[in-house]
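Please look at the sequence and the model below.

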2 protein chains.
Amino acid sequence: MKNPTIIAVDAMGGENSPNKTIEGISLHTKVSTNIKYKIYGNKNIILDLISKYNISKEKIDIIHTEKQIEDTDSALSAAKKGRDTSLWLAIESLKNNETDAMVSAGNTGALFVIAKLNLKMIENIDKPALSALWPNKNGMNVVLDLGANVECNEKNLIDFSIMGSALLKALFENETPKVAILNIGSEEFKGNNIIKNTYQKLSQAKNSLYEFHGYIEGNQIMDGNINVIVTDGFTGNVALKTAEGTANFITSELKIAMSTTLLGKISSLINFKNIKKFKQKLDPRLYNGAILLGLDKPVIKSHGSTDAVGFANSLKVCEKIIKGHLIDKIKENIN
Amino acid sequence: MKNPTIIAVDAMGGENSPNKTIEGISLHTKVSTNIKYKIYGNKNIILDLISKYNISKEKIDIIHTEKQIEDTDSALSAAKKGRDTSLWLAIESLKNNETDAMVSAGNTGALFVIAKLNLKMIENIDKPALSALWPNKNGMNVVLDLGANVECNEKNLIDFSIMGSALLKALFENETPKVAILNIGSEEFKGNNIIKNTYQKLSQAKNSLYEFHGYIEGNQIMDGNINVIVTDGFTGNVALKTAEGTANFITSELKIAMSTTLLGKISSLINFKNIKKFKQKLDPRLYNGAILLGLDKPVIKSHGSTDAVGFANSLKVCEKIIKGHLIDKIKENIN
C-alpha cells in the first residue's frame with residue numbers, strides 16, 4: 001500500500017453531484033488521517049466547491065473529464081461513452097495502481113460493467129457480489145449478494161461466505177465472522193437444492209476465517225447472533241429493499257403520531273434527545289457504501305440519492321477496507 | 001352456503017391453546033352475525049372455557065378428540081396420527097360440507113399435508129399458495145406465495161395473480177385488484193426467466209378481475225399503489241419475515257427511546273393517544289390469518305404464537321372470505 005492512502009472519487013455520479021461528493025470529501029477530511037483524494041470530474045466546478053468547502057489543496061488532485069455517465073444510461077451506452085468519463089477514469093486509476101480504492105454514487109449498472117471491463121477477478125472467484133452493511137441489535141451485519149447475480153450456484157455462495165467474512169474482518173477487526181445462509185426455515189431439509197448443498201459443503205469445510213451457523217430466517221437478520229448473511233442476489237435485493245420499505249413505513253407513521261397534534265409535538269420536544277438517538281441508529285446514511293467484492297481492487301458504490309454525510313460515510317468505508325487489507329484477506333482465504 | 005355460516009375451529013393448535021382459541025371465539029361472537037362454530041378438541045377443557053368466556057351454547061358444537069398434533073410433529077408423523085386429531089377432523093368437516101371454512105393455529109406443515117390429503121384442488125390450479133395480508137399506506141396488500149412452494153413456474157405465478165385478486169375482492173369488495181410481480185427492478189428485462197416470461201404473459205392476458213401493473217420492488221410493497229403482490233414461496237417468505245424482523249427491531253429501539261429515561265416516560269404519557277394509534281396500526285394481530293389458496297375449501301392458518309385477539313381476527317378472515325364467496329370467485333376466473 002502507498003503512503004498516503006489514495007481514494008479515487010467519481011465526483012459526478014448521483015443526485016446533486018458534484019456538490020455532495022465534494023462536501024462529502026470535506027467532511028471526511030475532518031475525521032480521516034493520511035488520506036488523499038484523486039477527484040474525477042469537471043475541474044472548474046470542482047475547484048469552486050473545493051474553495052467553498054475549504055478543502056486543503058494538498059489533499060486533492062483533480063483530473064478533468066468532459067464527459068460523465070448519467071443515471072439514464074444503460075450499462076452498454078455508458079461503456080460506449082469510452083474512457084473519457086469520470087467513472088471510467090476513476091476505475092482505471094485502480095488498474096494502474098494510482099489509487100487504493102474507488103467510490104461512485106453514480107449509475108450502478110455502469111459501475112459494474114466498467115469495473116469488470118477494467119479490473120481482474122480475484123483468482124478462483126467466479127462471480128462478484130454486492131455487499132453492504134445492515135444494522136443488527138449488537139452491531140453490524142455484512143449481507144451479500146444484494147443484486148449483482150440473479151442466480152447463484154453452490155460455489156458462488158461459498159465464495160460469498162469467504163468474501164463477506166473477509167469484509168467483516170476488514171471493517172471490524174475484533175469481530176468473529178459468523179456466517180449463515182438466508183433461508184425459509186432453520187431445519188436442514190428446508191430450501192432449494194442449491195441452498196441445501198451449500199449447507200452440506202459449508203458444514204464440512206474447515207477454515208479459520210469464520211464460524212458457520214447454518215440457516216438464518218428473514219426475521220432473525222437483525223437479532224445480532226449472526227453477522228455475515230449469504231444469499232443469492234435476487235433474494236438479497238428483495239430482502240434489503242423490503243427492510244428499507246418497512247423502515248420508511250414505520251418512521252413515517254411515527255412522524256404522524258409525533259407531529260400531527262399539539263400533544264405529539266410537545267411530547268417530541270420533551271424527549272428530543274432520546275428520539276434523536278433513535279433516529280441516528282436508523283439513519284441509512286450511516287450504513288452507506290456497498291462494496292463490490294470479488295474484483296482484485298476495492299470498488300465502492302454510494303447510494304445515488306444520499307447526501308454529503310452519506311457520501312462521507314462511503315469514503316470511510318473505502319478507508320477502512322484499505323487499512324483492513326480486504327483484498328489480501330480474501331486472497332488468503334479463497335483457496 | 002348454509003344458513004348460519006359455520007366455521008370449523010381446531011381448538012388445540014398453537015401456543016396457549018385451547019385457552020386462546022376459545023377466548024378468540026368469544027371475542028368474535030361479539031362482532032359477528034349469524035355464525036356458528038364447530039369446535040374440535042378436548043371437550044372437558046373446552047366446556048370449562050366456554051363457561052369462563054360466557055359463550056352462548058347455541059352458537060357452538062363441540063366434537064371431542066383425544067389426540068392432537070404437536071408443533072414438534074413432522075408433517076408425516078402428524079398425518080400418521082390419523083383421523084382422530086382435532087386438526088384432521090376439522091379439515092374433514094369441510095370435505096363433508098358440514099362447515100364453510102376452517103382455522104387452526106397449529107403446526108403449519110401438518111395443516112398443509114392434511115388439507116391436501118382431504119381436499120381437492122380447484123380445477124386448473126396446480127399448486128396451492130399461502131397468502132396473507134400486509135399493510136400498506138392506503139390499506140392492505142394480499143401477498144402470495146409466502147412459503148408453500150419453494151419454486152414456482154409461470155403457470156403458478158399466473159394462478160397466484162388470479163387467486164390473490166379473488167382474495168382481495170372477497171375481503172374488500174370495493175377495491176380493484178392491482179397485481180404486480182415482486183422483482184429486483186422495474187425494467188422489463190430485470191429478474192430471472194420465470195419472472196420475465198410471467199410478465200410477458202400477464203401483459204398480454206385479458207381479464208376483468210384485476211389490473212396488471214408489472215413489477216414491484218421490495219421497498220414499494222407498503223406504498224399502496226399495488227395491492228396484490230405475486231412471488232414464489234421462497235422470496236415471499238424471506239420478504240415477509242424480513243419485514244417482521246425490521247418492524248420488531250425498530251419498535252424495540254423506539255421502546256428504549258421512550259422508556260429508559262424519565263423524560264422519555266413523561267413524553268410517552270403526554271402523547272399516549274397518538275402512540276396507541278401508531279402501535280395499533282403496526283399490531284401484527286390485526287393482520288393475523290393466512291389463507292391457503294388453491295384448495296376447493298377455505299383453510300385459514302392463524303399464527304401459532306398469536307393471542308385471543310389475533311385468533312379472533314383469523315375468525316374474521318374466515319367469515320369475510322365465506323361471505324365474499326372466495327372459492328367461487330377463484331373458480332370463475334381461473335379458466
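Leaving aside its neighbours within four places in sequence, which residues is Ile162(B) in contact with? In this predicted model, the residues touching Ile162(B) are Leu209(B), Tyr210(B), Ile330(B), Asn333(B) and Ile334(B). Ile162(B) itself lies in helix α6 of chain B, which covers residues 154–171. One of the contacts, Tyr210(B), is 48 residues away from Ile162(B) along the chain, with 7.9 Å between the two C-alpha atoms. The relative accessibility of Ile162(B) is 10%. Ile162(B) is classed as buried because this value falls under the 20% cut-off.

The sheet in chain B is described next. The sheet is open and has 11 strands with mixed pairing, in the order β3-β2-β1-β4-β11-β10-β5-β6-β9-β7-β8. Its edges are formed by β3 (60–64) and β8 (211–216) of chain B, each of which pairs on one side only. From one strand to the next, the twist averages 25 degrees.

In general, strands of a sheet pair through backbone hydrogen bonds, in either a parallel or an antiparallel manner. Within this sheet, β5 (residues 129–136) and β6 (residues 139–144) of chain B are antiparallel and pair over six bridges. Asn136(B) stands opposite Gly139(B), a residue of β6(B).

A helix also packs on the sheet: α2 of chain B, residues 43–52, touches β2 (35–41) and β3 of chain B.

Methods
Residues numbered from 1 in each chain as written. Chains lettered and ligands numbered in written order. Predicted model: local features only at pLDDT ≥ 70, side-chain atom pairs only at ≥ 80, totals over all residues. Heavy atoms only, no water. Helix = DSSP H or I, 4+ residues; strand = E, 2+ residues; numbered from the N terminus. Buried < 20%, exposed > 50% of the residue type's maximum accessible area, 1.4 Å probe, protein only. Contact = heavy atoms within 4.5 Å. Pairing = 2+ DSSP bridges. Axes fitted to C-alpha atoms, helices over the stretch in contact; angles between N-to-C directions.
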